Amino acid sequence: MTLAETVDRIEGTILAAVSEAARREVRGGYVGDLLSDVMANSREGDVWVTIQKHVNVVAVAQLQGMAGIVLVNGRQPEPDMLKRAEEEHIPVISTPLQAFEVAGILHSLGIRGRRTT
Amino acid sequence: MYALDLHTHTCLSPCAELDMHPAGLVGAAVRATLDAVAVCDHNSAENIAATQRAGRSGSLAVIPGMEVTSEEEVHILGLFPDLESALAMQSRVYRSLPGRNDPDVFGMQVVADEYAQVLGFNDCLLSGATTMSVERVVSSIHDVGGIAVASHVDRERFGIIGQLGMIPAGLALDGLEVSARTSLPAARTRYAREVEYPLLCNSDAHEPKDVGRALTYMFLQEPTTTEVAMALAGRNGRKILGGGRPMEDLALHILDIAQNSIEAGATELDIELAEEIAADQFVIEVRDNGPGMDAESLARATDPFFTTRKTRRVGLGLPLLAEAARAAGGGLSIDSKPGAGVRVRATFRHGHIDRAPLGDIETTLMVLVAGHPDLRLRFRHQIGEREFELDSGDLRAALEDAELGSPEGLALLRETIRRGESGLAREAGGQARSES
């Protein structure tokens, strides 16, 4: 399933790297707002559900090779985050839903997390 | 030379103890023999003025500060040149700080005077996050004339690296702080990528017993924010000499003993560290050429209530080192005769679980030389077959025109120690256990 295919289900809007979202296969998911934790525990191809909208979110997603970022609670990215996401071709989606809802919907679509230990 | 703890809280911070009222904080700082503390309550400056007044009666410099929570829940310390500047920052913070405090949930936020009288309660949600991004927090601190330091970068929660994964590129921080949980050498290794930022050690004390548990030594003309800013930038001869944890790091016990020697009149000092990892042995020896001690003083030297000093004490010295040695399966011995100097020898089991970390010997040597440029200091650190030796006489000779206590002299000293110690660490390879 591509990231673009999940967007309607989570009531999201793609704000950056639209064409990339249609290409990217989502292989798993991770929820977290502590970026050091996300760096330690997420994996390549994950969709990342977070409330953090700092520009470093893009850097972490890029570093981990993630499929994209979902900002929950209607959070709008900072302009420099959007700019960086376009440059790095990291899709950014904003949704009014909360993280728990988004994770539940993605899970029902067959997207899974993994055990950390 | 000044000992500063630039991150302490008062009872205004909801997470701090009530006995951290302004006078309580000042009393704890004086007992810890600090020269200055910065009052850095969460998102508020309302107890600074009273702490400054309390500090004046205790001859303690009180630097206005604030620990601001960014929108990303990163803690940034602002240190301000004066109260007005701190209050200007407070106005900006209050405008971007949503919510009201619930004292039953988060704790009381007590505004107090210098006589421990309660003046009132702050009802902002000081434990909450502002709506300012970390970049806005840093630029606001700079706008009002302050300096910005990332708080406790060694903590996952509220530390900038924990919250944001890395320090954002181009963030105009003036320094990074490590807390009492990390020694300075461990911090230098761990944050090697962020090494362009100067490192500070502060206690982040929320109760009196923790004030000064971590501190930074700086070479300043006076303990003010303006001078600290110069030290962080390495300007005008102001300098960060080092830092650490006086209750824990063996290097700071050594510093204390060495300062005792100098105050007693020693002009020459030998400090030797011998680490035999295979034999599970760690020996510290400090020798001086001072006036020595008679039998009675010698017998009482490890009594914590005994001191020959007329001036203030820097730490607990010998009793603390004796305790640290005993806890690590070793012991302490002192040899001295009147007129024949003093030799202190502490032994430890190297791999003992309770053996205190060495900490930062660079700090010890830098503080000694900066404070006593005429001291003849010889240092020897041996790990197994390898050793690093340093003689202040050789450095003085190499300097030609400049004094050893000058910025050039201290830079040469620091470079020599770093080269020697990192060479030792490399040679010792994986033998030495990692210390934090």
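The model is predicted, and local features need pLDDT of at least 70, while side-chain atom pairs count only at pLDDT 80 or more. Residues are numbered from 1 along each chain as its sequence is written.

**The sheet.** Chain A holds an open, mixed sheet of five strands, in the order β1-β5-β4-β3-β2. Strands here are DSSP runs (E, at least two residues), as helices are (H or I, at least four), and two strands pair if DSSP finds at least two bridges between them. At the edges sit β1 (13-16) and β2 (28-31) of chain A, each pairing on one side only. Within the sheet, β4 and β5 of chain A run parallel, joined by three bridges, and A:Val70 stands opposite A:Ile93.

| Helix | Strands | Angle |
|---|---|---|
| α5 (79-88) of chain A | β1, β4 and β5 | about 80° with β1(A) |
| α6 (99-108) of chain A | β2, β3 and β4 | about 160° to β3(A) |

**The interface.** Thirteen residues of chain A are in contact with 14 residues of chain B, contact meaning heavy atoms within 4.5 Å. One salt bridge is found across this interface: a side-chain nitrogen of Lys or Arg within 4 Å of a carboxyl oxygen of Asp or Glu. The side chains of A:Lys53 and B:Glu71 meet in a salt bridge, at 2.9 Å from N to O. Helices α3 (35-41) and α4 (56-64) of chain A each supply at least two residues of the side touching chain B.

Notes. Chains lettered and ligands numbered in written order. Heavy atoms only, no water. Axes fitted to C-alpha atoms, helices over the stretch in contact; angles between N-to-C directions.
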